[in-house]
Amino acid sequence: MKNFDRFIITVSVMILVFFIILYFIIFNTKINDSNLYKVEINRIEQEIAYGNSINTDNFDTIIGVYQYNPDMNFYSSENEYVIREINGTLYRIEYDDTADNENIKVITIVNILLLFLFLLFVSVMLYIRYNIIQPFKVISDYPYQLAKGTLSVPLKENKNRYFGKFIWGLDMLRETLEKSKIMELERAKKEKTFLMSLSHDIKTPLSAIKLYSKAITKGLYTGRKQIEVAENINSKADEIEEFVNEIISNLSSDFMTFETTQTEFYLSQVIDKITAYYADKLYNLGIDFNVCEYTDCLITGDTDRLEEVLQNIIENAVKYGDGHYIFLSFSDEEDCRLITVSNSGCTLPDTELPYIFDSFWRGSNTGTREGCGLGLYICRRLMNAMNGDIFAEISDDCMNITLVCQKTQ
């Protein structure tokens, strides 16, 4: 804020100095113009003194030159005039002084205009300071507060609403982080309760197994009794196995939640954004990117989520393809619009294709490339949340991933 204040003061002073210099240049020019009639009167005096005839058409400000005549009212005229004695004779030299008045008007108008421009500049700068810079300074501290975990305080919108969408986005981020934090705490609480309960349940059959095994080791059971003890051990082991299966089932359940907003939108809204984002990016990477022609239609779903799905698929195509080409094609099937993202250089074995949408699964073709195996899993969850679907196929070393989007009826 201090830097902006210095900027306002510095620029204001520079403009003020410029206006002052400009004013004096105009003022001196006009003053010189306003003295023109005096110069021309002196010229007339010289011409008459030398005996030359006077033609007023040759002068800009002189209206008439009259020699003294006792029969006329020599000192009476509607125009401005001066009396000069030249070679012993009186002359009345009339001139037009409207130029002086015009110059005064011009100088006054220039002064008012310069003052108005200066005040306008200062007003605009102050308006920017108090309505844009100062509120943005408050907003700029908000991401830092979010990073620290201060999630309960909503961000207030400024009255001028210059940052409406930006503030709305930050507040949505805050709400999302707050929900995630609450869900994470609840999940951690449930997991802790679940593990404590299981650990307590496992202790009982485990203690029984340990007692039976010690008794068998010491030879306390023989014959029929030994067979019964072995069956009891097996029964307790089955109990432990059930607990282990429960743990595995709990861990393999869905661990991510996805929210979508079902609306109606034109397909071109999403495709235009994808094209604008990836056209230059893929061109710089040397990848041929092409979007096939398609007829626009209304889609039911979430524009942001569909864009996210397409971005995930294209990023995978860049990461795991051979970099020759990526293209989008379109087709229709019943009441659905199919969007297919194809990329060259697929090295994934056909036998692994059924698993690519599983969570944390990574194909044998990933090599040393970084990843966690969640990209396509997230795509499937989002498409299902939008009442759509997603599937993949490999043909001629080309990976084709197709999105099934519901068209508006």
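## The cavity

The largest cavity has a volume of about 50 Å³; a cavity here is a set of points on a 1 Å grid over the protein atoms alone where a 1.4 Å probe fits but cannot get out, and its volume is the space filled by probe spheres set on the points, which are joined across faces, edges and corners. Thirteen residues line this cavity, and Ile299, Thr300, Met383, Met386 and Cys405 are the closest to its centre; lining residues have an atom within 4 Å of a point.

Strand 6 (298-301) and strand 10 (398-407) each give the lining at least two residues; strands are DSSP runs of E, at least two residues long, and helices are runs of H or I of at least four, both numbered from the N terminus.

## About the model

This is a predicted model, in which local features need pLDDT of at least 70, side-chain atom pairs count only at pLDDT 80 or more, and totals for chains, interfaces and linings use all residues. Residues are numbered from 1 along each chain as its sequence is written, and side-chain values use heavy atoms, leaving out hydrogens and water.

## The nonpolar cores

Now for the packing. The largest nonpolar core has 42 residues, of which Leu306, Leu310, Ile313, Met383, Ile390 and Leu403 touch the most other members. Such a core joins buried Ala, Val, Leu, Ile, Met, Phe, Trp, Tyr and Cys residues through side-chain atoms within 4.5 Å, with buried meaning under 20% relative accessible area (1.4 Å probe, protein chains only).

A second, separate core has eleven residues, including Ile44, Phe59, Ile62 and Val82.

Note on methods:
On a 1 Å grid over the protein atoms alone, a cavity is a set of points where a 1.4 Å probe fits but cannot get out, and a pocket is an open set with protein on both sides within 12 Å along at least five of seven lines; lining residues have an atom within 4 Å of a point. Buried means under 20% relative accessible area, exposed over 50%, partly exposed in between (1.4 Å probe, protein chains only).
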